[in-house]
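Biologist: Please show me the protein, and then I will ask about its parts.

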Amino acid sequence: MAFPTKQYGLVLSQRKGLSKTVQKHSVFEDDSDDETTVGESLQKEAVKKKMMKQTRLEMHKALEEDSTVYDYDAVYDDIQKQRIDNKKKCWEVLTKSQNTSTSY
């Protein structure tokens, strides 16, 4: 009785001599000595606080020079009013041109 040439299911290779080696990963492989120390993290925090303080001082200085420096809402409202006015003008021009073109 001959064995069939087609095999179904899980087919394992019959090659001998080619064995796969599984590399085991170390638990501490990703651990490095590049971690920041407490002193370095404190220095970073000090620099960060100094920058924040400098920013606050610049903001107060800008407010003393011009009190409307950070008045974004008013500027936005002005821009919106201009847009609405422009739209109204466009509609007026369109309706005028439509009315004049339809009356022969």
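Biologist: In which helix is the place of aspartate 73?
Modeller: This is a predicted model, where local features need pLDDT of at least 70, side-chain atom pairs count only at pLDDT 80 or more, and totals for chains, interfaces and linings use all residues. Residues are numbered from 1 along each chain as its sequence is written, and side-chain values use heavy atoms, with hydrogens and water left out. Helices are DSSP runs (H or I, at least four residues), numbered from the N terminus. Aspartate 73 sits within residues 72-102, which form helix H2.

Biologist: Is aspartate 73 buried or exposed?
Modeller: Buried means under 20% relative accessible area, exposed over 50%, and partly exposed in between (1.4 Å probe, protein chains only). Aspartate 73 has a relative accessible area of 59%, so aspartate 73 is exposed.

Biologist: What is the class of valine 69, buried, partly exposed or exposed?
Modeller: Valine 69 lies in the loop between helix H1 (38-65) and H2. Because its relative accessible area is 33%, valine 69 is partly exposed.

Biologist: What percentage of the 104 residues in the protein is buried?
Modeller: The protein has two helices and zero strands. Of its 104 residues, the buried share is 0%.

Biologist: How far apart are the end C-alpha atoms of residues 56-89?
Modeller: An unreviewed UniProt entry lists residues 56-89 as "domain: Nuclear speckle splicing regulatory protein 1 N-terminal"; such annotations may be inferred rather than shown by experiment. The span is 82% helix and 0% strand, and its end C-alpha atoms are separated by 44 Å.
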